Structure formats: structure tokens, C-alpha cells
Amino acid sequence: MQVHSWGRFPKTDSKIVRPQSLAQVQELLAAHQQLEPSGLIARGCGRSYGDSALASTLVCTGLLDHFISFDEDKAEVKCAAGVSLSSLLEHFVPRGFFLPVVPGTRFVSLGGAIASDVHGKNHHIDGSFGAHVKELSLLLANGELISCSPTHNADLFHATCGGMGLTGIIVDATISLKPISSSCIEQRSFKAQNLSEIFALFDEYKDASYSVAWLDCLAKNEHLGRSILYIGEHAERGALDAIKRSKLPIPIDAPSFMLNRYTMGAFNKLYFHKPIKEGSKQIIGLQPFFFPLDSIESWNRLYGKNGFVQYQFLVPTDAAKDAIEKVLNTTRNAGKGSFLSVLKKFGPANKNWLSFPKPGYTIALDFKWEPSLEAVLRELDAIIIDHGGRLYLTKDARMSEQMFKAGYENWNKFVQLRQETGADKVFNSLQSRRLGL
Amino acid sequence: MQNILIIGANSAIAKACARHYAAAACHLYLLGRDKRKLEIQEGDLSVRGAKKVDLAVLDSDSLDEQQSALEQAKKTLGVIDLVLICHGVLPDQQRCENDFSYALQQFHTNTTSTLSLLNLLAPMMSEQGKGTIAVITSVAGDRGRQSNYYYGASKGAVSIFIQGLRGKLFSKGISVIDIKPGFVDTPMTNEIEKGGPLWSTPERVAQSITKGIDKGKPCIYAPGYWRYILLVVRLVPEFIFKRLKL
């Protein structure tokens, strides 16, 4: 069956299995080792963008979606890896708990959130998802189920959080939740006319619980990097309402010519100039603050049938201005643009071997996939490497092995652990093969 | 709905319904074949807010074991507000045509065991004088189609039985509900190529089911649009229908 992930690029033929129990996963693994030397990888909701959850055999965890236990005093929940963050939120928000870290969509599985070590708008304060995982059970290549945590089998734990499913299959995990007294967010927004201004705003509001900026990637010269910073705090008062389910579907692929530099330029301009009351408090719900795009089902289809690539890079703080200017100039000059470009300042790095975040700025740019794109992305790659940056594996569909190894200093250690546990013989994705993992 | 008995509780649709009732703080009693899977659900439903979850192993195919299993459930729950019968199989049509003993086994699971359960539940529920019996059949039971008439007949027989039982138990204050899901993406339909607008998820189907049960509808199509599809399917004249490779 033909499968793709969220970016709808690349597409590949895979065999899909949907185990209903741990025993079935174990059987499958044993059978796989005897029959097929080709790759197998766990897949949750298929929300990574590129080829990290693509392989010849996909173990879809959607049916392993049960809660196991909840300790209200400690605010810790244990669930199977196939549970989606959406169902966790659906259940726990009305009971006064929020997830400690959420990515830009709630439609990801718990296992996927750990394997990608996802980050959110609170990275500068709370770190990434893995920081809130107390313990996880990992099914190794030999079929053994092993429990790991930051203190127990720590190497395996730090390789697995952010490890893109390449150390084994995450079966279940215990995570801590964040008590909230309302499902409302107090949001404030600020406009910045250029990069220096937005950097200054991020520093000024470094103590805000949540912060993220939308960036006009097509603005140039003195307006280069103009953006709107959004900061948010959980409100003290207000109801604890479940996130609404209603979604606007996009049932067909949009004709890809609809996204061109003129429509994107117009959109970006309008968005930047929308009237906002700078700095004044606005009360909004969890969905519009954390998951604005979730209200449009399959927004990925807007990029047409060939799909798109999300290019998310980070560069260290001191190199950020120079690097980002170069990146934005390069894409604009090449006639490529992105509807939604997101800018965020990260906090400290963690101990996970392949986790993306480290101190600096990250930008995510969406590009419609077309053959002429690759040359432009190579230029961007060179800028990122030059400035000591790297790309986010969860979004990646095309970076070179050399670029990966330049950005992720722990790759060697990771490869070694894979060899020691036999994971390299079983767990392989198109991405892991491409990156020499 | 406070006390709910689910038979065939490990089925995907049963699971999705159980989660709905757990969130409404009901007391659930689960009957199913695989004890380990029932135990996993017990944990899941408890976290989701169930007042209490009890479970027992029952293979509905073993007709002799049904009576005691139902009695035990009744004893534990006290009053049973709702019985949901969910077990079933999707037979391979081709194999049924070639191997009638296989076909009989499928009929035993889908039809005989269900009728037997209903036969035992009828007096039990009548005695309480209130409550609902809901049975999952299928849209396939509405009209025989050449591609899967074994499955269709096995489910259609239950639907006819239910129509009769509904009348019989009406005066006792018991409602009997026929639930007819369309195409649902579950382990039962694993072998079928999926995609297209008619395929639905167990969660979506459970939404229709629980809503329909709350409203006391006698026949629930899940999701609801199947009612209109089947209306059209039933209206096609036979001289045309027999020529359709459906």
C-alpha cells in the first residue's frame, strides 16, 4: 500500500500491520527477523513530515491506545504508546490537567511525541517532551521488553527520546501532567519590524510561559524578519472546557499553482498588517493558541498532490541574525516562499542524543515540493552548517548524511548503541538509511 | 444508563462504546474471550472515569456457558440498564461457498450464539421490568448481495429476530435496539482495502450508537447516513439488483 507522512513527500510502498496487543508486536518482530532483512519502523499518527516513519514494514500503534493508570496526587499518567495527545487532552483538560509540552498539532501519538522529543512554545522554560517522561517501556530488537528512565537504563532512555523509533518500539510511557485551573490562555501579541526587534522581544519576554513568533518570510531590506510575537499564560480563572472537535475538512488536493509568490506575498502582508492591540491581554482557548492549524483537517493538502517539505532549522543565538538573514534572502531570491513561518527561541539543550533543540533560534518554513526546490534547500543547508546549526529530523525528508552528521554530534554513539542492541538489523526507516544511522 | 453489560467487549466498536460510558461514570461489566485484553480495558476504563469495571471470560460460542455468565453479571450489576452485544466475525465469502462446515461455524458465532444470548436475556430483563438490549448487526443484513451473502444472512437473521423480540418485550418495558454499522476500520475488516468516504472509525460509530441508545431509537444506522444509503439499496428493483455486481 502506498504510504506517506504529513508532508506527503516522499511516498513509498509499505506493508502495514496494526497489532492489537504487545504479544502481537512481539510475534511480529520474531517473524520479521526470520523473514525480512528490510526495514521495520513503528508509526503512530503519521504526523512526522518526511520519511522518518516510512519503511517497508510499518507497525502502526493506533490500536495500542489504552490508558493504564493515573496517579492524581503525582499528576502522572501511564498509557500505551498509541494514545494520541488529543485523547489525553480530551480526557484530562476537563479534569484540570494539561500536557507539559505540546507540539503544533494534538494529533500525534504519545510514542511519536517521545521518539521525536517534540518541543512546544514553552521550550525555553520547560524543555522538550522527553523532560516530562518519567519512564517508558521499550521493545528491543530481540523481543525483550525493557523499562528505562533518566536513572535506569539511562543510555537507552536518552537514545530513545528523540531517537526516531530507531532503538526499538516504544510500548508505553508514564508522563507527568501540568495542573491548570482554566482552559483559557491569556495571550498578548507584539509586532516587530525586523529581526533585531523580534530578538529583543524574545529576550524581553523570556519569562513568559509560552512564546512563539509568526514571521513574514517575504519581507525584505529594513523589514527583513518582521514578525509578530505571541506570548501566553494559562489563565487563573475560567471554565475547564474540552477542546472542540469541529474541523474544516479539505477533501481534495488544492491545485498547486494556487500557492505562488504573489498569493503568499499578499497573505503575509495582510497577516502582518492585521490590526492587533499590541501588548493587551486577550483571552483565547487552548485550540487557537496551541493548535491553530488543527481546526483545518488535512491542511497538508493545500500544497497540492506533490506535497511539501517543512524545513525547520536551528542556529545558535550568536550566529542567528546573520544566518537567518541569509536564509530568508536566499529563499526570497529563489522565488520560494512559505505561508506560515514560525520563529521560536529555544532554551537549554537536554541529554537526549538526537534531540533537536539547543540554545538558539529555530525557524520552520513550508515549501511546496517541486524539483527546483532541492537546489535552494542545498544552499540553505550550507548556510545552516556554516553557522553551526542543524535540521529537525521529524520534519526532514531530504537532508544529506553529511549534513546530519555535522549537526548532530552524538550520531556515533547512537549508531553504536543500535549495533549493540541489534536495532540496526531490524528498526530502519527510509530516513535512517539515508542518514547513515 | 448506569449499569452496563457488554458482551464481546474486546471488539473495537465495543471498546469505543465502553469508553463513552466510562466517561459518563457508569458501572461496566465486560464479557469477552481474551482475559488479558479485558484486563487492559479494565485499567483503561477506570482511568477514563468508570465507576467500577468488572470482567469475566466468556466465549459466546459455548452456548452452555452463557447462562451462568449472564447470571453472574446480573448478580454483580444488580439492575442491568443496558446490554450491548458486540461479538461477531466477518466470514470469507469464497471460503463459505467452498466449505459449508466453515460457513456453519460463522453462523454459529454471528447468529446462533446471539439468538441464544437474546433468548436468555429476554426473561432476565423482563423480570427487572426496565432496561435496553442493543445488538450490533450490520447494514449487510438489509439486503443480500452476491459478494457477501453469508455474512449478510448471518446478521440479517439476527435483525429479523430482534424485530420480533422488540414487540414481545415492549409490554414489559424493555427496548430492543438493532445497531447496523456500515464500513468500519477495525481489526475485523483488516483484510479489506480501505479508503474512501464511506469508511468510518470505531469512535465515530460509537458516537452514533451511544446517541441512538440515549434517544431510544429502535434501529440505529452508524454513522447515520447509512440509513439513506440502505434505503436506496433496498429500493432498487430486483430485476436490476440481480445484475449489479455488488
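Mentor: Here is the sheet of chain B, strand by strand, then its helices. The model is predicted: local features need pLDDT of at least 70, side-chain atom pairs count only at pLDDT 80 or more, and totals for chains, interfaces and linings use all residues. Residues are numbered from 1 along each chain as its sequence is written, while chains are lettered from A and ligands numbered from 1 in the order in which they are written.

Seven strands of chain B form an open sheet, ordered 3-2-1-4-5-6-7, with parallel pairing. Strands here are DSSP runs of E, at least two residues; helices are runs of H or I, at least four residues; both are numbered from the N terminus. Two strands pair if DSSP finds at least two bridges between them. Strand 3 (52–57) and strand 7 (219–222) of chain B are the edges, each pairing on one side only. Neighbouring strands are turned by 15° against each other on average, direction ignored. Axes are lines fitted to C-alpha atoms, for helices over the stretch in contact; angles run from 0 to 180 degrees between N-to-C directions.

Strand 4 (residues 82–85) and strand 5 (residues 131–136) of chain B pair in the parallel sense over four bridges. B:Val83 stands opposite B:Ile133 of strand 5.

Two helices follow. Helix 6 (residues 149–170) of chain B lies across strand 5 and strand 6 (174–181), at about 160° to strand 6. Helix 7 (residues 202–215) of chain B lies across strands 4, 5, 6 and 7, running at about 160° to strand 7. Contact means C-beta atoms, placed from the backbone, within 7 Å.
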